Amino acid sequence: MADLRVVGHSHPRVDGLDKVTGTARFSPDIKLPRMIVGKILRSPHPHAKVFHVDTSRAARLPGVKAIVTAADTPDGNRRSSTYQFDDQGERAASSTPMVMDQTVFCEGVARFVGDEVAAVAAIDEETALEALSLIKVDYDLLPPVFNPLKAMEPGAPLLHDVERNIAYKFVIRRGDVEEGFAQAHVIHEEIYTTQLQHQAYLGPTACVADVDGAGRISLWTELQSPFRARRLLSDMLGLPASKVRIFQTHVGGGFGGKHFKRVQPICALLALKARRPVRLCLTREEEFIASPPRHATHIRLKMGASRDGALVAKETYIVLNSGAYGEVGPIILDTMTKRVDSLYRFANIKTDSFLVYTNTVPGGAFRGFGNPPMDFALESHMDTLAEKLAMDPVELRLKNARRVGEVSAHGWEVKSCALTECIEKAAEASRWKEKRARAKSSRSKPRGIGIGCMIHVSGCRYYPGFYGSNAVVTIGDNGQVYLLSGESELGQGCKTVMAQIVAEELGIRVADIVVPDLDTDFSPHSLGAYADRTTHIGGNATRLAAIDAKQQLFEFAAEMLEADPGDLVAQDGRIFPKGSPQRAVTFLEVARRSWFRAGGKEIVGRGSWDPPSVPPDPESQYGNVSSAYTFGAQVAEVEVDPKTGKVTILNFTAAHDVGKAINPMAVEGQLEGALVQGAGYGLMEDMVGVDGRTYNPNFLNYRLPTMLDIAPMKIMMVESNDPVGPYGAKGVAEPALVATAPALANAVYHAIGVRITSLPVTPQKILAALRAKEAKRRSE
Amino acid sequence: MKKTIHVTLNGRPTNLEVPAHRLLLDLLRDEIGLTGTKEGCGTGDCGACTVLLDGKPVNSCLIFSGELDGADIVTIEGLKIGPELHPVQKAFIQDGGAQCGYCTPGMLMMAKSLLDENPDPSDEEIRFALSGNLCRCTGYAKIVQAVQDAAAELRAKRAG
Ligand code: FES
Ligand code: FES
């Protein structure tokens with residue numbers, strides 16, 4: 001693939017002009033004639049029976065056009081926030097990790113502060129808010145439970161009809177852990193905890209819904225999986241799928257937080273009732289209190305290593321705080337339970353993991369999907385093991401690193417892997433050896449350097465049905481090319497990457513390609529943006545569609561050139577027989593001919609690609625879930641002020657196996673953005689809950705990293721050229737966040753010798769740990 | 001209570017009838033239809049709603065319309081210089097300074113106001129000036145780079 005002309009070269013975003021001029025329309029920007037405003041009434045109680053919802057006074061308020069409650073939802077609106085399908089498109093609930101525990105509005109019982117009880121639509125926001133205050137809800141308070149460990153105890157209040165509040169669990173056994181521990185030279189056990197982290201996309205979630213005369217509903221909204229949302233909506237509204245249409249607007253960031261939410265069905269119900277367009281936009285506070293953030297976790301980890309550093313046993317106990325509902329918790333639990341086991345060459349594994357209901361905000365998907373908390377535990381643990389073995393942490397990782405061609409304990413087939421190279425490159429570029437050996441005591445603010453490694457997927461199959469992507473490439477009357485993809489542009493740049501792929505195959509410029517916004521009436525079906533599947537899977541489908549279009553175009557070119565279509569080459573806007581560029585016709589001439597000549601046709605290229613992955617066996621949980629695994633290593637250097645506990649990041653060095661960077665600038669942007677989110681997770685971000693109430697539901701008190709918090713980032717893209725990915729590409733958006741928190745925590749340990757086992761690593765925790773260390777030293 | 005105010009909006013003198021308590025952000029977005037200015041928080045904590053008021057950057061979610069009589073307001077829709085993109089807009093495209101683009105209008109207005117005052121800022125100065133503008137996507141590095149590149153282009157233009 002030496003002579004790639006577009007793929008592999010940085011290209012500015014195809015929607016960049018729209019984004020910098022203010023013309024890009026996001027969901028809160030959509031305005032329709034006669035549009036009215038929706039607002040949601042939420043439970044103020046963490047756990048309460050909802051006896052009666054009296055809307056009569058609100059309904060009499062002038063300007064109120066619709067009020068909806070659970071009574072307005074069709075029967076059978078129980079739902080999961082995700083569906084996983086079998087071959088017939090039935091919900092594969094029995095064999096895949098999923099729970100069906102939600103309704104559009106909470107019915108009978110409110111289970112967290114923020115649970116949706118009712119909604120109104122009125123002529124303006126003031127009227128809608130006044131109407132909410134006039135709705136009278138009779139609550140009967142129930143005892144709440146907030147701590148998942150308490151929620152599992154006998155006698156704890158139950159949220160749903162499940163024993164010990166356990167929504168889902170995994171029991172995994174591989175090899176023989178007892179035997180493994182028996183062989184171990186060192187064993188270490190520790191409990192790690194991690195916090196709620198909010199996606200905090202800058203663009204709030206909004207939806208505009210409109211119903212036409214035939215009862216067909218259209219929604220303008222921001223979704224990571226519009227096709228799945230169409231199915232969920234049609235189920236929940238009791239409408240056939242043909243009556244639901246979704247237009248994707250520009251998306252103001254997603255990071256896992258813009259999967260299907262209650263916003264869309266509630267907005268649709270309001271529009272159906274009011275028979276007017278309705279806009280429902282969450283406030284920032286609502287985003288914080290009621291949009292599923294990254295779960296809080298409790299992890300007990302025990303690992304053993306032999307004298308030479310080989311990891312001989314791993315035993316893990318995980319409690320994932322689900323909050324009030326399951327959401328996508330079961331598959332996040334799956335990720336926490338299994339993913340890191342394929343990073344190193346573990347053979348003896350014992351894991352018990354639980355998803356547990358509590359009366360707190362339901363957790364959901366967030367970049368990394370269960371991987372970041374578990375990787376924090378594992379990679380912190382690796383450092384401690386290295387210390388016990390008197391080994392360099394880099395050496396210990398290299399000793400155990402996954403290698404290409406191996407099959408992991410869970411059946412994951414590693415077809416490309418540059419983990420070793422990533423570790424070596426990150427260590428070298430960060431001057432690891434030199435900085436690790438540096439004397440620390442001389443500084444008033446000690447410096448430290450730490451490493452974290454990670455593994456991730458490029459798409460992850462949890463169920464037997466279609467997990468692929470479809471794409472269509474058409475060629476217009478003036479040589480302009482349209483690319484229709486069902487994959488979601490969230491800002492990550494997939495429109496540009498897909499356009500580059502089409503340009504590469506058709507031998508044209510990216511500027512000649514139009515990438516329309518997704519519309520479920522016209523766009524081909526794809527699963528959407530999650531699990532790092534878009535480029536790897538959607539890119540393959542797009543490439544096939546472009547090749548199909550090219551072959552059709554070559555038929556017309558062959559007529560003009562009197563050549564064999566199989567001999568033609570498309571390059572730099574021209575088509576010619578291989579080896580005879582002087583005989584070229586232009587792409588434009590051929591496109592025009594296909595469109596205009598008698599007996600011509602519109603060229604429509606089709607591409608479908610379903611990855612060669614398999615869902616885990618429901619019993620053994622064994623199976624090659626992804627067609628490509630990604631790896632990376634990150635080194636963080638920090639300075640810690642022992643007087644204040646403040647951690648200053650000095651620099652990051654991140655080496656990631658991206659397979660192949662189709663758009664290097666965009667890949668770099670993904671890695672930089674993820675590193676900073678990872679730094680937020682590691683050091684500062686924390687949704688503080690007190691008795692089920694979110695204490696800091698705003699950007700003043702929930703602190704995101706700002707420009708003042710960033711440090712130089714050295715990004716290294718290692719290209720392992722995956723045999724399955726398009727041009728060798730693997731997913732890149734999620735991995736870079738996974739290893740950041742442990743790299744930081746390990747650097748803090750290296751700097752001041754205290755290990756913080758709970759995220760985020762705050763000044764308060766550091767000071768407390770330093771005091772405890774000092775007290776211990778004195779007492780000895 | 002409605003009030004009539006005279007403002008210059010993106011270079012054009014304009015008369016507006018506004019409820020005095022209407023926020024500038026809502027006035028721009030809902031009544032005038034200039035939706036380029038974004039609301040990320042509504043509480044003055046994210047900078048997505050930044051516009052220039054009499055040449056100075058402000059959070060439009062915190063300004064009441066009633067106070068605006070005689071004001072000169074520039075929004076993202078008025079950032080172009082004639083038909084040309086402002087150098088900072090060009091640089092954001094070229095350097096990858098925008099991902100989802102939701103913070104971008106606010107960032108651009110803040111960057112323009114910085115460059116108006118300081119044509120040759122250091123990275124530190126850029127980070128300080130833009131620190132009230134949150135971005136969740138980019139990790140900021142490419143934004144700092146874009147502002148530097150725009151500054152260089154502006155300086156070259158002035159010199160040439
Ligand atoms: S919307 Fe004004 S500062 Fe966030
Ligand atoms: S580009 Fe998305 S918030 Fe800045």
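Which residues are buried in helix 7 of chain A? The legend to View 1 lists them, after a short note on the model.

This is a predicted model, in which local features need pLDDT of at least 70 and side-chain atom pairs count only at pLDDT 80 or more, while totals for chains, interfaces and linings use all residues. Residues are numbered from 1 along each chain as its sequence is written, and chains are lettered from A and ligands numbered from 1 in the order in which they are written.

**View 1. Helix 7 of chain A, residues 263-274, is mostly covered.** Helices here are DSSP runs of H or I with at least four residues, strands are E runs of at least two, and both are numbered from the N terminus. A residue is buried if 20 or more other C-beta atoms lie within 10 Å of its own, exposed if 12 or fewer, and partly exposed in between, with C-beta atoms placed from the backbone. Ten of the twelve residues of helix 7 of chain A are buried: Val263(A), Gln264(A), Pro265(A), Ile266(A), Cys267(A), Ala268(A), Leu269(A), Leu270(A), Ala271(A) and Ala274(A). From first C-alpha to last, the helix reaches 16 Å, close to the 16 Å expected at 1.5 Å a residue; the expected span is 1.5 Å times one less than the number of residues. Just after the helix, Arg275(A) takes a positive phi of about 55°.

View 2. Two residues are in contact if their C-beta atoms, placed from the backbone, lie within 7 Å. Leaving aside neighbours within four places in sequence, the contacts of Val748(A) are Gly448(A), Val638(A), Val640(A), Val647(A), Ile756(A), Val761(A) and Ile766(A).

**View 3. Ile123(A) lies in the loop between strand 5 (116-122) and helix 3 (125-134) of chain A.** With 16 other C-beta atoms within 10 Å, Ile123(A) is partly exposed. Not counting residues up to four places away in sequence, Ile123(A) touches Ile36(A), Gly63(A) and Lys65(A). For a sense of scale, 55 Å separate the C-alpha atoms of Ile123(A) and Glu719(A), which are 596 residues apart along the chain.

**View 4. Domain 2 of chain A meets domain 3 of chain A.** An automatic or database domain assignment supplies the domain bounds. Chain A is divided into domain 1 (16-22 + 468-609), domain 2 (33-142 + 202-253 + 258-290) and domain 3 (296-462 + 616-779). Taken over C-alpha atoms, the centres of domains 2 and 3 of chain A are separated by 35 Å. Their contact takes 24 residues from domain 2 and 27 residues from domain 3. The side of domain 2 that touches domain 3 has nine nonpolar, ten polar and five charged residues. In this classing, Ala, Val, Leu, Ile, Met, Phe, Trp, Tyr, Cys and Pro count as nonpolar, Asp, Glu, Lys and Arg as charged, and the others, Gly among them, as polar.

**View 5. The buried residues of helix 5 of chain B (residues 141-159) pack against elements of both chains.** The 19 residues of this helix should span 27 Å at 1.5 Å a residue, and its end C-alpha atoms are 27 Å apart, which agrees. Buried in helix 5 of chain B are Ala141(B), Lys142(B), Ile143(B), Val144(B), Ala146(B), Val147(B), Ala150(B) and Ala151(B). Their packing partners are helix 17 and strand 28 (713-718) of chain A, together with helix 2 (87-95), helix 3 (104-117) and helix 4 (123-129) of chain B.
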